[in-house]
Amino acid sequence: MAITPPKERIWWNEPIEKIELIWIVIAFLWGLFMFGFMIAWHFIGQQNLNKEAYRIAPSNYEAKVEEFAKKFKVREEKGVPVVKPPAGTDVYLLGRLWQWWPILELEKGTSYRIHISTLDWMHGFSLQPVNINISAYPGYEHVITLTPTTAGEYGILCNEYCGIGHHMMSAKLTVVPKSAWSAPATASAPVAPAGGEHASH
Ligand SMILES: [Cu+2]
């Protein structure tokens, strides 16, 4: 088939075809429907995390996470503490160049308040493979209420580009079934069982 010029020199100034008009209307209505559903999904889809945020100085947050990790550390993996807080309590996670810290161990079917913040730059909290994504900023302490429903090992990746070590910025989160869960104990003293007090803000 040869490429030939259109018959009319002013070829773009034609009345609109009926079928084209129908498709424009369908696409427009579908767009409106999806816009409405974006809002509806928040209420019926349970996909938007219930999120709180508080202001905090990055150094204060770092101190809080370090205290938390020291208190509930059960072992170390490659120099990173594995922290097993009492079931149902407040859990702290810190993003910094270039790691998510520490490694967490949680109990399946128990609701936790997970605190997320960063020390230096904006980082992304991306829980894989379930694909829960939260942007984390220095100076803001985000709190999400989360109930792990499936036991197993999850990865926490940074998904906001943060420099040369970005691709190495990962951590681990393990969800342990209730049957395998034993009350965590620190080296010095056993810790109160589930339902301990929540940290205040
Ligand atoms: Cu990053």
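Start by selecting Glu 105, which is found in strand β6 (strands are DSSP runs of E with at least two residues, helices runs of H or I with at least four, both numbered from the N terminus). You are looking at a predicted model, in which local features need pLDDT of at least 70 and side-chain atom pairs count only at pLDDT 80 or more, while totals for chains, interfaces and linings use all residues. Residues are numbered from 1 along each chain as its sequence is written, and side-chain values use heavy atoms, with hydrogens and water left out.

Is Glu 105 buried or exposed? With 8% relative accessibility, Glu 105 counts as buried (buried means under 20% relative accessible area, exposed over 50%, partly exposed in between, with a 1.4 Å probe and protein chains only).

Now show the side chain of Arg 75: the side chain of Glu 105 makes a polar contact with it at 3.0 Å. A polar contact is a pair of N or O atoms within 3.5 Å; within protein, one must be able to donate a hydrogen and the other to accept it, and residues adjacent in sequence count only if both atoms are side-chain atoms.

Select Asp 90 and Arg 113: they form a salt bridge whose closest N and O atoms are 3.4 Å apart. Asp 90 lies in strand β4 and Arg 113 in strand β7 (residues 112-118), so this pair ties together parts 23 residues apart in sequence. Both Asp 90 and Arg 113 are buried.

To see a network, select Arg 75, Glu 77, Lys 84, Glu 105, Glu 153 and Lys 172, which are joined by salt bridges that share partners.

The other stop is Glu 62 with Arg 96, where the closest N and O atoms of the salt bridge are 3.4 Å apart. Glu 62 sits in helix α2 (residues 58-72) and Arg 96 in strand β4 (residues 90-96), 34 residues apart. Arg 96 counts as buried, at 13% relative accessibility. The structure holds twelve salt bridges.

Switch to cartoon view for the sheet. In what order do the seven strands of the open sheet run? The order is β2-β3-β6-β12-β11-β8-β9, with mixed pairing (two strands pair if DSSP finds at least two bridges between them). β2 (73-77) and β9 (132-136) stand at the edges with a single partner strand each, so one side of each has no neighbour in the sheet. Zoom in on β8 (residues 123-128), which pairs with β9 in the antiparallel sense over five bridges. There, Phe 125 has Ile 134 in β9 as its bridge partner.

Finish at the copper ion. Its protein donors are Cys 158 (SG), Glu 160 (O), Cys 162 (SG) and His 166 (ND1), 2.0 to 2.5 Å from it (donors are N, O and S atoms within 2.8 Å of the metal, or 3.2 Å for Na, K and Ca; water is not among the atoms, so sites may look incomplete). Along the chain, the donors follow the spacing C-x1-E-x1-C-x3-H. His 166 is buried, with a relative accessible area of 16%, whereas Glu 160 is partly exposed at 24%.

Note on methods:
A salt bridge is a side-chain nitrogen of Lys or Arg within 4 Å of a carboxyl oxygen of Asp or Glu.
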